[in-house]
Amino acid sequence: MTRYPRNMRGYGRNAPDAAWPGGAKIAISLVLNYEEGGENNILHGDAASEAFLSDIAGAAQWPGQRHWNMESIYEYGARAGFWRLHRLFTRMNLPVTIYGVATALARSPEQVDAMKEAGWEIASHGLKWVEHKDMPAEEETRQIAEAIRLHTEVVGTPPKGWYTGRCSANTVALTAKTHAFDWISDTYDDDLPYWLTLDGRDQLVIPYTLEANDMRFATAPGYIEGEQFFQYLKDSFDTLYTEGVAGQAKMFSIGLHNRLIGRPGKIAGLRRFLDYARAHEGVWFATRGQIAAHWAEAHPPVHKPRPSEMDQQSFAKTFAHIFEHSEWIASRAWELELGPAHDCAAGVANALSRIFRSAGHEAQLAVLRAHPDLAGKLAQAKRLTAESTSEQASAGLDALTDDERGLFEELNAAYVEKFGFPFIIAVRDHDKASILSAFRTRLTHDADTEFKAACQQVERIARHRLNDMDI
C-alpha cells in the first residue's frame, strides 16, 4: 500500500463561505516580518553572513566574515523602515500581525514596546532567521522550544501563531506537535484557512503568501518600484473582492519586511493600496489571530472517515456496492497510491474506475453481467440490491403499465441475445422515454461499440452512487 501525503484537493470545487464578520467580502491580513537582528551573522554564532532578501544584487554568504553592507541594510529595517511602517499603520488604525524572529525581538526592545502599544499581534517567526531545510528534526524541535521560551521572555506573553518561513519538510508537524499555537502559516496552498489533524490534535493552518509580498523587490523577476507593488496588490484585491461579492469570500495575505517596503520609494505603493482597499465597503482588516478565532467558531473541524486512511477491509466494505456485486474492485483500488485527493466522490470514483478499466475484458464482462435487467424479473420479485431498486424507481421503472413492462421485457431479451449481457444505463440521467430511446439506438451498435458504451454506463452509475455518500 502506498499513501501519497500531498493534498492536491483542498476544499475542491465547493469551498466554504468564509462568513467573515459583518458580511465582509474579503479579509486582509497585513503581516510585518521582523527579522532584523536574527539573520545569519557570525556575531550570532553562524558560520557565514546573510545573503537573503536584501537590495544587494547577487548577494552571497561570506563564510567566517561579517558583511558590513548586508548588516547595514538589515539595520535600516530596524532603525528606519520599522518606524515608517509603524507610523503608517497606526495613523490608519490598521491591525498588524508581526512575524517576530525571537532573537531579533530580543535585540529590539523599543520596537517590541511599540508593537505592544499598538495592540499588534506578535507571532513567532522562529528562533533565528536562517535556513532549516537541512536541520535535523531533533535540532529543529529544540529551536522551536527555545523560540517559544525566548519570545515569551521578551514579549511577556507566549506566541499563539507561528511561521518559520525558511522551513523544512518537518516544520508544520513539529510546530503542531507543541500544541502551543492557534494557527501556523508555513504553507502557501490556499486562499482560506483549513484544519489539519496532526499529533492527535486539530491544527488550524492559515496559508501565507510569497507573491503578494514585498520580497519580490529583492528577487528576480520582481518589483522595481512602488507602483508595481500597488498594481499587483490592487489586481489581487479586485479579483478576491469580486469573488466575495459573488459569495465566495476569501483571505488576502500581504507580506512585508521593514528593510524592503520600509524604504521611501517602496512604501508609497503600499500606502496607495491601503487607501484603495479602505475605500471599499465590506473589507475586514484583521490579524491572523482574529482570523483564526473566527474560523474556529464559524468553521470548526469536522471529523469523518477518510477513504485514504481506511484499512483495506473497511475500504472494501464501504465501497463494495459501488460496482454491482463486485467488491473485488474496491479491494484492489485500496492498493493504489491513494491520498487526500481521493477523499471525495471524484477521488474514489477515479480509483475504482482505474481498477475496472484495467481489469481485462472477461472481468469487465463479469461486472456487466452482474447488473440486473431493467424492470426485469428480479425487480418484480423485489430481489434487486437497494441501490438498483432506488435507481430504477427514480425513472419510474417500478410503476410500469403491463404494456410498458412487456416492451421492456422484449427489448431486454433482444439485447441480451445480441450482446450477452444486460442493457445497462444510468437511469438517473433519464426518464422512461429517453431510456427506451437509448435502448433502441444501442441495439443497433456492433458488439465492441456497445461493450464500451455499457462500461461507460457502469462507471456513470458508480459515480451517482458515490455522490450519494457523505465522503
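This is a predicted model: local features need pLDDT of at least 70, side-chain atom pairs count only at pLDDT 80 or more; totals for chains, interfaces and linings use all residues.

Trainee: Is T171 buried or exposed?

Mentor: T171 lies in helix α5, residues 171–177. Buried means under 20% relative accessible area. T171 has a relative accessible area of 0%, so T171 is buried.

Trainee: Which residue has its backbone nitrogen 2.9 Å from a polar atom of the T171 side chain?

Mentor: This one involves a backbone atom and a side chain. The side chain belongs to T171, in helix α5. The backbone nitrogen, 2.9 Å away, is that of S168.

Trainee: Now the helices. Are α6 and α8 roughly parallel or roughly antiparallel?

Mentor: Two packed helices are described by the angle between their axes and the distance between the axes. Helix α6 (residues 226–245) packs on helix α8 (residues 264–278) with the axes 7 Å apart and an angle of about 25°. Angles under 35 degrees count as roughly parallel. Therefore α6 and α8 are roughly parallel.

Trainee: Is the crossing of α6 and α8 left-handed or right-handed?

Mentor: The angle between these helices is about 25°. The crossing of α6 past α8 is right-handed.

Trainee: How do the residues of that contact divide into nonpolar, polar and charged?

Mentor: α6 contributes residues including F229, F230, L233 and F237. Those from α8 include L270, F273, Y276 and A277. Charged residues also take part, among them K234 of α6 and R272 of α8. The division is eight nonpolar, three polar and five charged.

Trainee: Next, the loops. What is the phi of N93?

Mentor: Most residues other than glycine have a negative phi. N93 sits in the loop between α1 (68–92) and β3 (97–100). With 66% relative accessibility, N93 counts as exposed. N93 is not a glycine, yet its phi is positive, about 55°.

Trainee: And D199: what is its relative accessible area?

Mentor: D199 is in the loop between β7 (194–198) and β8 (201–205). D199 is not a glycine either, and its phi is positive, near 55°. D199 is partly exposed, because its relative accessible area is 47%.

Methods
Residues are numbered from 1 along each chain as its sequence is written. Side-chain values use heavy atoms; hydrogens and water are left out. Helices (H or I, at least four residues) and strands (E, at least two) are DSSP runs, numbered from the N terminus. Buried means under 20% relative accessible area, exposed over 50%, partly exposed in between (1.4 Å probe, protein chains only). A polar contact is a pair of N or O atoms within 3.5 Å; within protein, one must be able to donate a hydrogen and the other to accept it, and residues adjacent in sequence count only if both atoms are side-chain atoms. Axes are lines fitted to C-alpha atoms, for helices over the stretch in contact, and angles run from 0 to 180 degrees between N-to-C directions. Angles under 35 degrees count as roughly parallel, over 145 as roughly antiparallel, 65 to 115 as roughly perpendicular and the rest as oblique. A crossing is left-handed if the near helix is turned anticlockwise from the far one by less than a right angle, and right-handed if clockwise. Contact means heavy atoms within 4.5 Å.
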